[in-house]
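Subject: Handing over the structure

Hello,

Here is the structure you asked for. My notes on it follow below.

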Amino acid sequence: MKESWSSVDTLETNFRPLVVIELAKGTKEETIEWFTKRIVDKKTNGGAQLLIKPLVTENGGENIYLVGASHLRLLLGAENVGLVKECNDNSMRAFTYSSRKTFKDFADDNQNFLTMSECQYIIKHELENLRAKDEKMIPGYPQAKLYPGKSIVRRLLTNGILVQIFPLHDREELKKLRHTWYGQVKIGYQPLDEIRCYFGETIALYFGFLEYFTFALIPMAVIGIPYYVFAWEDYDKYVMFATFNLLWSTVILEVWKRICAVMTYRWGTLLMKRQFEEPRPGFHGVLGINPVTGREEPVYSSIKRQLRIYLVSVPFVCLCLYFSLYVMMIYFDLEQWALDYHEENKSNFSSLMLYVPSIIYAVVIEIMNRIYRYAAEFLTSWENHRLESSYQNHLILKVLVFNFLNCFASLFYIAFVLFDMKLLRQSLATLLITSQILNQFAESLLPYWLQKRYMKKMKERMHSLKMDTDLSLVEQVNSEKEMGTYFGTFDDYLELFLQFGYVSLFSCVYPLAAVFAVLNNITEIYSDALKMCRVYKRPFAEPTANIGVWQLAFETMSVISVVTNCILIGMSPQVNALFPDSKMDLILTVALVEHLLLAIKFVMAFVIPDKPRDIQIKLAKLEFESLEALKQQSCLPE
């Protein structure tokens with residue numbers, strides 16, 4: 001790097017606020033002075049070399065600061081975090097300041113070479129990498145211990161001194177995005193590139209997957225309608241539909257990998273190198289030496305963690321699963337009561353009462369899922385995982401296991417214990433539709449209504465004040481800091497995962513499931529867009545190359561769906577009539593067909609490449625050039 005950090009100016013006349021830091025009220029002056037000094041100090045002195053200004057409010061009692069950076073500082077930061085940008089020859093390469101002229105649209109006076117979300121990501125990265133040098137504690141807070149290499153921001157967060165850090169919205173860009181994204185009702189693709197530029201790759205990939213999954217469901221919905229209308233009780237005709245469904249679930253997941261690779265290559269994240277993971281903020285232990293980095297940091301025994309997992313977490317999850325099954329049996333008692341009531345009265349009201357137990361059970365399932373989520377987060381945090389990736393994997397596993405059993409156990413019981421296909425159709429339809437309505441209300445409509453009420457009160461209060469400072473900026477910061485925090489795409493992917501289960505697991509019994517899924521997803525696109533733009537704070541961009549562990553979760557669900565659909569078809573009277581003398585022949589035939597379909601699925605997954613040929617060639621070319629560059633460096637005389 002030809003440009004040294006010492007040449008970066010920490011003063012800039014055109015200060016552009018990008019990130020907001022809110023400290024707790026009553027934070028000691030010496031703490032604020034020390035923290036802000038570390039933010040503006042040069043990199044050579046262990047600082048972040050950023051720009052920071054206090055936000056002047058009407059009462060002056062709030063410790064709110066605006067953070068920005070000079071253009072040169074952001075360019076050097078882009079190289080530091082490994083951002084990948086498009087070159088003049090249309091290839092994608094990691095940005096370096098020394099070769100900046102080779103990148104498309106770069107100019108020394110072009111402040112838009114880096115998107116605002118990329119600038120905010122760089123600032124977040126630099127703030128999180130502010131580390132203690134020789135300090136033993138946070139000044140003014142003796143209980144907030146520090147040691148060399150400890151992240152200052154994470155210590156401030158865990159001790160409640162730092163309330164929150166969040167990126168500011170760009171009102172003009174957000175207005176344009178809202179108009180093109182959901183401001184008009186139209187049939188078309190989402191502006192994924194614009195979403196990526198504003199919110200980052202992780203959120204853009206979620207909306208890309210949601211859009212792709214919705215379009216992929218359309219063939220299932222179109223085929224399912226005539227099957228529903230003309231062949232309701234004729235299960236042998238569902239064999240073709242179920243077979244198509246099983247092959248469809250494999251093809252769409254494999255094709256998605258290719259589409260995902262194309263998008264992330266265009267965005268540059270497919271080429272980004274995985275950074276070394278630092279300990280997560282909540283990790284604690286006795287001070288020790290990390291054998292990899294050689295730095296002093298907390299160390300926690302893996303044996304203690306395993307004991308916590310297997311002696312506390314696993315029994316607790318099993319207890320929750322048992323409770324879920326107990327609630328399920330209560331639901332079946334209610335179903336029997338509703339059926340007996342209908343048999344006695346035979347009225348329109350009694351017909352409606354047949355659906356009441358399923359609706360109540362669907363509501364209870366959603367409540368239990370949300371309560372369990374909080375318990376799973378607490379348990380996973382208590383397990384004290386060192387890395388954020390490990391924490392997320394354990395949390396996802398806990399939540400997926402419970403949600404799968406809680407949502408689908410009753411359907412498996414009805415299908416394979418009660419053998420009641422009519423009740424299975426009714427329960428599946430009720431659970432699917434009720435859960436979709438509840439999710440739309442709880443995730444988007446209710447938060448939007450509450451946020452709108454708060455914004456109205458806040459604007460009335462702000463405009464009643466006479467202030468000399470920039471009222472629009474103060475108003476924006478005060479409104480955004482009170483918005484809800486978007487905690488990531490976990491719940492959104494979980495909702496799609498459960499929907500995929502409803503569609504694929506029992507497709508031969510209720511072909512209309514795909515129709516309701518398509519209708520829900522169309523409204524989901526608009527409601528999720530609304531909550532991202534109007535309800536929540538702007539989240540920091542997070543570069544990612546794929547949808548992560550959710551790809552494996554969807555693939556696992558598709559394998560389970562092969563087994564369930566084969567068994568359901570084998571249980572049908574029409575198929576049983578083909579084997580009047582030997583049930584063993586029927587079981588062996590169903591097992592053979594199931595194994596054959598699984599084999600076809602795995603062959604298709606193997607045959608369809610995860611990346612298109614042109615992307616593979618481009619990646620191989622970049623790897624070859626990197627190896628050649630390393631050879632040339634090693635051959636240079638010392």
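Helices (H or I, at least four residues) and strands (E, at least two) are DSSP runs, numbered from the N terminus. This is a predicted model, in which local features need pLDDT of at least 70 and side-chain atom pairs count only at pLDDT 80 or more, while totals for chains, interfaces and linings use all residues. Residues are numbered from 1 along each chain as its sequence is written, and side-chain values use heavy atoms, with hydrogens and water left out.

Overall picture

The protein has 20 helices and 10 strands. Of its 638 residues, 49% are buried. Buried means under 20% relative accessible area, exposed means over 50%, and partly exposed is in between (1.4 Å probe, protein chains only). Take the contacts (heavy atoms within 4.5 Å) between residues at least 6 apart in sequence: 74% of them join residues at least 24 apart. The accessible surface is about 31,400 Å². Carbon and sulfur atoms account for 63% of that surface. Areas come from the Shrake-Rupley method with a 1.4 Å probe; for residues, only the protein chains shown count as cover.

Nonpolar patch

I303, L307, L311, V312, F378 and W382 form a nonpolar patch on the surface. Together they have about 620 Å² of accessible area. Patch residues have over 30% relative accessible area and no salt bridge; nonpolar side chains (Val, Leu, Ile, Met, Phe, Trp, Tyr) are joined within 5 Å, like charges within 9 Å. Two helices, α9 (302–345) and α11 (356–382), each supply at least two of the patch residues. The most come from α9, with four. I303 lies in α9. Its relative accessible area is 59%, so I303 is exposed.

Salt bridges

A salt bridge here is a side-chain nitrogen of Lys or Arg within 4 Å of a carboxyl oxygen of Asp or Glu. The count is 25.

- E86 and K104 pair at 3.1 Å, N to O. E86 is in strand β4 (residues 84–86) and K104 in the loop between β5 (92–94) and α3 (116–128), so the bridge ties together parts 18 residues apart in sequence. E86 is partly exposed, at 31% relative accessibility. K104 is also partly exposed, with a value of 27%.
- R196 and E118 pair at 3.2 Å, N to O. R196 sits in helix α6 (residues 192–199) and E118 in helix α3, so this link joins parts 78 residues apart in sequence. Both residues are buried.
- D491 and R373 pair at 2.2 Å, N to O. D491 is in helix α15 (residues 490–505) and R373 in helix α11, so the parts tied together are 118 residues apart in sequence. D491 is partly exposed at 38%, whereas R373 is buried at 14%.

There is also a network: salt bridges that share partners join K85, E118, R196 and E201.

Annotated spans

The unreviewed UniProt entry annotates "transmembrane region" at residues 212–232, 238–256, 309–332, 352–372, 395–416, 496–519 and 586–608. Positions follow the numbering used here, feature names are shortened, and annotations may be inferred rather than shown by experiment. I checked two of these spans against the model. Residues 309–332 are 100% helix and 0% strand, with end C-alpha atoms 33 Å apart. Residues 352–372 are 90% helix and 0% strand. Their end C-alpha atoms lie 31 Å apart.

Best wishes
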